[in-house]
Each structure stands twice: as C-alpha cells, then as structure tokens.
Amino acid sequence: MENKRLKEKSTNVVSFVPNGDYYYNKALKAIDRDEMDKAYKYIKRAADLSPDDAHVLLQYGILEMELQNFDHAYELIHTAYSIEQNEAEIVFMLAEVSGCIGHIADAQKYAAKYLEMDPNGTYIEDATEILDFFDYVSESEAIEDMDEYDGEKLVAQEKARRLMEQGNFQSAIEVLEQTIEEFPDLWNAYNNLALAYFYIGEAEQARALLYQVLRENQGNLHALCNLAVFAYYEKNNEELGNLLELLNKIQPYDWDNRYKLGATFALIGEYESAYKWLRSMSKRGYEGDAGFYFWLAQSAHFTGHKQRAIEAWQTLIKIDPTKEGMEPWLHGEVGRMRNSAENHRDFIIRQLSDEHESSRLFGLFLLKRSAHRQEIVAHPTLLNVTSFSELEKLSLAYALEYEFNPTCKEEQTFLSFMQVAELIVQANESINLEVAQILSTWFALGEIAFKQGYAFKNSAALAASIEYSFHVAIENKVTKKEMAEKYGISTSTLTKYNDELYKFVPTDYE
C-alpha cells in the first residue's frame with residue numbers, strides 16, 4: 001500500500017488550547033519530517049481528544065494500516081464511515097482495509113461504491129485494482145468470504161476493547177451488552193463484559209457473568225483466567241491459590257488460549273509461568289500484537305532473560321512506537337530493579353490510595369517509571385480520576401507522559417516541582433528505601449510549596465536541600481559541602497534554599 005499522507009484540515013480558528021486539531025496538525029508536521037513515531041503518537045492523542053471526528057479517525061486508521069495493525073485500522077475506519085458515509089476517501093479506505101483482513105465481499109462493495117461516488121478521484125486506479133484482484137482470487141482459488149456478521153463482531157469487540165483501554169468502561173459495557181444480545185454465544189464478549197463490570201466496582205455482576213460462561217461453555221480458559229485476575233486484585237489469596245493450581249495444570253494447544261494464560265500469569269506476577277507460555281509461542285513463530293510482546297518482555301525481564309526481553313521490546317516498538325521509553329529496565333539492571341520502589345506494585349498502590357495527597361503524588365511519580373504502569377492505569381479502582389485534585393491530575397498527566405503546554409505558567413511550575421524529584425533519583429542510583437523516604441519528604445513539602453505559589457527556580461538546590469535536611473534529621477553524618485558537590489551547587493546556595501524550604505514545614509509535621 002502506498003504511503004497515504006494526512007491531509008490538512010481547513011479551519012479559520014487558531015486555538016492555543018491543545019485539542020484534537022492541535023495534535024492532528026502536529027502529526028502532519030511530523031509526517032512531513034518523516035518522524036513517523038511522533039506522527040503516530042500525535043494522531044493517537046488527536047483521536048483521544050476528538051473521538052467523533054471522522055477525518056481524525058480515518059488518518060489514524062491509515063497509520064495503523066501502514067503499521068499492519070489491520071484489526072484496529074478496520075475498527076477506526078469503519079467508525080469513521082459510520083460518522084461520514086458520504087466521504088469518498090473514507091469509503092475507499094474501508095475497501096482497502098476490508099481486503100487486508102479478508103473481508104472480500106466488503107472490499108469489492110466499497111471499492112465499487114467509491115468509483116460511483118468519485119469517478120475521477122485520487123484512488124480510482126487503486127479501487128479498480130481491488131475489484132480486479134478479488135475477482136481473480138475468487139475465480140482462481142475459490143476463496144470463501146467471511147460470514148456476513150464477522151465484520152460486525154470484529155468492530156464491536158475492537159471498539160469495546162479500545163474503550164476499555166481508554167478507561168471508558170461504561171461505554172464499553174453498553175457496546176458489549178448490545179453485542180451479546182445480537183450474538184448470544186460470543187463468549188469473548190461475556191468475558192470482556194465481566195472485566196468491564198469488575199473495573200467499575202461491580203464485582204458481583206462480573207463474577208456472575210464468568211460463572212454463566214463456565215456453565216454454558218465448560219472449561220472456558222478466559223473465564224478462569226479472569227477469575228484469577230479478580231482474586232489477585234481483591235487479595236483473595238486462597239481463591240487465587242486454587243485457581244493458580246488449576247491453571248498450572250492446563251496445557252492449551254491453540255494460540256489464543258496460550259496467550260491468555262501467559263498474559264494472565266504475567267499480570268499477576270507469576271513471571272516464570274508467563275515466560276514459559278509466551279516464549280514457547282514466540283519460538284514456534286507466533287507473531288502477536290503489541291500486548292503479546294509487552295507481556296513477553298515483562299516476563300523475560302523479571303525472570304532474568306535480558307536479551308529476550310530486549311528483543312521482544314524492540315518488536316513491540318515497531319508495532320506501537322508510543323511504548324518507547326517505557327522499558328522496565330531503563331532505570332537499572334534486573335537485580336537492582338527488583339529492589340527499587342517503582343517496581344514494588346503493592347507499595348505504589350499503597351501510595352496511590354493513601355489519605356494524604358502528598359503520598360498520592362509520590363505514587364504517581366513512581367508510576368511514571370514503573371514496569372507495572374500499564375496494569376495500574378488500566379484498573380480504574382486504583383486510580384479514581386474523578387476525585388483527583390488539580391495537582392493530582394497534573395501528576396497523572398506527567399506519569400502518562402502527556403505533553404505539557406509551554407505557554408502555561410502553572411504547568412511549567414509543576415514541571416519544575418517534579419524536576420526536583422527527578423534530580424534526587426538521578427543523584428541516587430535507585431529508589432531504595434532511603435531514597436523513597438527522601439522523595440516522600442519532598443512531596444510533602446513540595447505539595448505545600450506548590451499550592452502557595454512557590455516558583456521552584458533552582459531544582460538542583462532544592463534537591464540538595466531536601467536530601468541534606470533528611471540526613472540531618474536522622475542524624476546521618478553528612479556535610480553541606482558533600483551534598484552541594486553531589487548536586488553541583490555551592491554551599492551558600494544550599495543554605496539559602498534550605499532556609500526557603502523550612503518555610504513550608506507545617507507546624508504539625510511529623
């Protein structure tokens with residue numbers, strides 16, 4: 001397929017607030033510079049902000065086609081078509097992506113429709129080739145087209161999956177319930193619906209759905225795996241132990257069940273079992289989606305298979321460039337990572353659920369660099385965004401590596417606040433217990449300082465000051481000269497900022 005360039009959207013309004021159009025145009029510029037990784041990141045963000053813009057969805061789908069993520073491309077372009085059925089370019093792209101996933105009849109139908117709509121259009125030769133090619137294939141190889149409902153099933157499930165990934169579980173529930181009504185024996189929809197209910201706190205309803213699946217489709221591995229995930233999140237160790245004993249006895253043959261089993265083991269921290277299944281698939285030539293390589297890299301990393309982890313992550317980046325920079329080993333080797341706070345899942349969750357806002361800010365800071373970030377973000381009961389303060393929302397955006405507005409003073413002040421924490425981490429090789437305590441102290445004082453309008457002008461001096469004050473408080477032998485040299489500042493500067501920070505120590509500070 002030839003490289004389809006994004007087209008400029010005409011508008012007379014210039015907005016300084018980052019919105020769908022803002023990121024869409026950034027994607028255009030990135031493509032002009034052949035920075036396709038950035039283009040993908042920007043168009044994805046544009047689609048998040050403008051989910052009902054048919055043109056944004058179309059161009060996102062085109063980029064997904066070029067990355068050979070055809071199922072997602074089909075869902076995006078099919079959705080764009082449902083919004084703008086009279087747009088010739090959307091009709092043509094729907095023909096092309098239908099052919100990519102084997103929907104021959106649809107490919108022919110939409111190609112013919114495009115020729116009727118725009119007989120002198122840009123893609124007239126491509127549309128004709130689609131018709132000629134599939135006529136030839138159908139005659140020479142007698143290939144049967146998919147069932148007429150397969151496309152509807154695929155779109156519905158892909159749409160629900162995307163909604164769940166975005167944390168929009170209520171909308172996903174509506175899509176899945178409608179899907180089950182139309183296709184009452186589509187067990188994957190039941191399983192995904194159970195997950196969606198669990199994620200909004202309806203655990204009883206979620207379990208009821210899974211038990212229904214197990215009654216009507218005995219031995220359904222996905223249902224058993226989902227029950228294990230529920231037990232893991234609810235810390236029901238007895239139930240989890242029983243389910244793990246059962247799951248470890250299962251020896252699935254097909255790829256789908258092996259993938260589900262391996263991903264489940266990885267999600268709940270059973271990395272040895274996860275690596276066994278996911279690696280066995282990889283060795284036998286399985287070419288999975290981004291999720292497969294994410295879990296393979298995670299399980300390989302945490303079981304000490306460093307090179308396998310790197311190889312899996314390299315493949316992941318090719319499929320989903322937005323994952324670049326999220327490698328679990330970026331901040332140290334395997335042994336050190338296991339002793340670093342950002343990779344202690346339960347510690348992060350305790351911080352995120354703490355009654356003190358400063359602890360939650362610390363948790364979000366750890367989340368940014370954590371190997372468990374995807375798991376925690378995907379679980380809405382762990383991050384109740386609706387109750388977040390403005391400072392917590394900024395911290396979550398920071399953890400998810402959103403792009404901040406360079407013209408917004410508050411956002412730039414916030415970044416300076418976080419830069420102090422970053423410098424503390426850089427000056428100390430890992431976030432061990434002592435460094436975690438230093439960071440916890442910083443977020444306690446920094447939260448107060450931020451709310452009082454402090455500017456955080458010298459990040460290095462503030463980092464040195466907070467670490468020096470911590471060591472003095474616990475009576476560690478450290479001099480101002482040593483700490484100043486560690487952060488590249490003078491002792492007088494350290495003294496100055498130490499005095500400034502003291503102003504933010506609350507009278508009831510413990």
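Here "buried" means under 20% relative accessible area, "exposed" over 50%, and "partly exposed" anything in between (1.4 Å probe, protein chains only). This is a predicted model, where local features need pLDDT of at least 70, side-chain atom pairs count only at pLDDT 80 or more, and totals for chains, interfaces and linings use all residues. Numbering runs from 1 along each chain as its sequence is written, and side-chain values use heavy atoms, with hydrogens and water left out.

View 1. Helices (H or I, at least four residues) and strands (E, at least two) are DSSP runs, numbered from the N terminus. Of the 510 residues in the protein chain, 51% are buried.

**View 2. Arg 33 and Glu 35 pair up through their side chains.** Their salt bridge (a side-chain nitrogen of Lys or Arg within 4 Å of a carboxyl oxygen of Asp or Glu) has an N to O distance of 3.1 Å. Arg 33 is partly exposed, at 48% relative accessible area. Glu 35 is partly exposed too, at 27%. The count for salt bridges comes to 13.

**View 3. Helix H20, residues 357-369, is mostly covered.** Twelve of its 13 residues are buried, among them Phe 362, Gly 363, Phe 365 and Arg 369. The Arg 369 side chain meets that of Glu 422 in a salt bridge, 3.0 Å from N to O. That pair ties together distant parts of the chain: Arg 369 sits in H20 and Glu 422 in H23 (residues 409-427), 53 residues apart. Both Arg 369 and Glu 422 are buried.

**View 4. Ser 299 sits in helix H16, residues 290-302.** Ser 299 counts as buried because its relative accessibility is 0%. Leaving aside residues up to four places away in sequence, Ser 299 touches Tyr 271, Ala 274, Tyr 275 and Leu 278; contact here means heavy atoms within 4.5 Å.

**View 5. Helix H24 covers residues 433-451.** At the start of H24, a side-chain oxygen of Asn 432 comes within 3.2 Å of the backbone nitrogen of Glu 434. Just after H24, Gly 453 has a positive phi of about 85°.

**View 6. Lys 451 and Glu 447 form a salt bridge.** Their closest N and O atoms are 3.0 Å apart. Lys 451 and Glu 447 are four residues apart in H24, so about one helical turn separates them. Glu 447 is buried, with a relative accessible area of 15%.

Notes. The expected span of a helix is 1.5 Å times one less than its number of residues. A polar contact is a pair of N or O atoms within 3.5 Å; within protein, one must be able to donate a hydrogen and the other to accept it, and residues adjacent in sequence count only if both atoms are side-chain atoms.
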